[in-house]
Amino acid sequence: MAYKNHEGYQDPTSGQAMQNTHWEELQQLREKEHGLKRGQKIVLTEMYREEHKPARKIQRTYIVLELYKYCVLLKDDKGYRTAPSYIQLQMMMRGVV
């Protein structure tokens with residue numbers, strides 16, 4: 001459904017601006033909920049397994065891209081994106097997983 005102005009004509013530019021404003025407000029709300037900021041660098045401890053070798057913990061640095069209700073979109077220095085759930089993210093930040 002396209003946005004229409006007060007005269008009833010379609011106004012896609014204004015509609016897109018309003019949608020972007022809503023998205024920005026939602027991201028700010030999620031930042032407060034999760035305690036993270038977009039662009040923030042975080043270090044996660046992950047289990048790394050190789051074939052025929054014991055598992056070991058490694059630390060990786062990620063940048064927070066976007067925040068959602070139940071997960072956070074992250075990107076590492078190689079451009080790899082991942083979206084662990086918020087609970088998994090908290091556990092990895094503490095080094096539990």
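**Pocket lining, sheet and salt bridge**

Colleague: Which strands each supply at least two residues of the lining of the largest pocket?

Modeller: Strand S2 (56–67) and strand S3 (72–76) each do so; strands are DSSP runs of E with at least two residues, and helices runs of H or I with at least four, numbered from the N terminus. This is a predicted model, in which local features need pLDDT of at least 70, side-chain atom pairs count only at pLDDT 80 or more, and totals for chains, interfaces and linings use all residues. Residues are numbered from 1 along each chain as its sequence is written, and side-chain values use heavy atoms, with hydrogens and water left out.

Colleague: What makes a residue part of the lining of a pocket?

Modeller: A lining residue has an atom within 4 Å of a point of the pocket, which is an open set on a 1 Å grid over the protein atoms alone, where a 1.4 Å probe fits, with protein on both sides within 12 Å along at least five of seven lines. Among the residues lining the largest pocket are Lys 41, Arg 60, Ile 63, Lys 75 and Asp 77. S2 gives the largest share, 4 residues.

Colleague: How many residues of that lining are charged?

Modeller: The lining has 6 charged residues, alongside 2 nonpolar and 1 polar. Asp, Glu, Lys and Arg count as charged; Ala, Val, Leu, Ile, Met, Phe, Trp, Tyr, Cys and Pro as nonpolar; the others, Gly among them, as polar.

Colleague: Why are S1 and S2 said to pair?

Modeller: Two strands pair if DSSP finds at least two bridges between them. S1 and S2 have 8, in the antiparallel sense, and therefore meet that condition. Within this pairing Glu 46 stands opposite Ile 58 in S2. S2 and S3, also antiparallel, are joined by 5 bridges and by a hairpin through 4 residues.

Colleague: What is the order of the strands in the open sheet?

Modeller: The 4 strands are ordered S1-S2-S3-S4, with antiparallel pairing. Strand S1 (41–48) and strand S4 (81–82) are the edge strands, each pairing on one side only.

Colleague: Why is the link between Arg 30 and Glu 33 called a salt bridge?

Modeller: The term requires a side-chain nitrogen of Lys or Arg within 4 Å of a carboxyl oxygen of Asp or Glu. The closest N and O atoms of Arg 30 and Glu 33 are 3.2 Å apart, so the pair qualifies. Because they are 3 residues apart in helix H1, about one helical turn separates them. The whole structure has 6 salt bridges.
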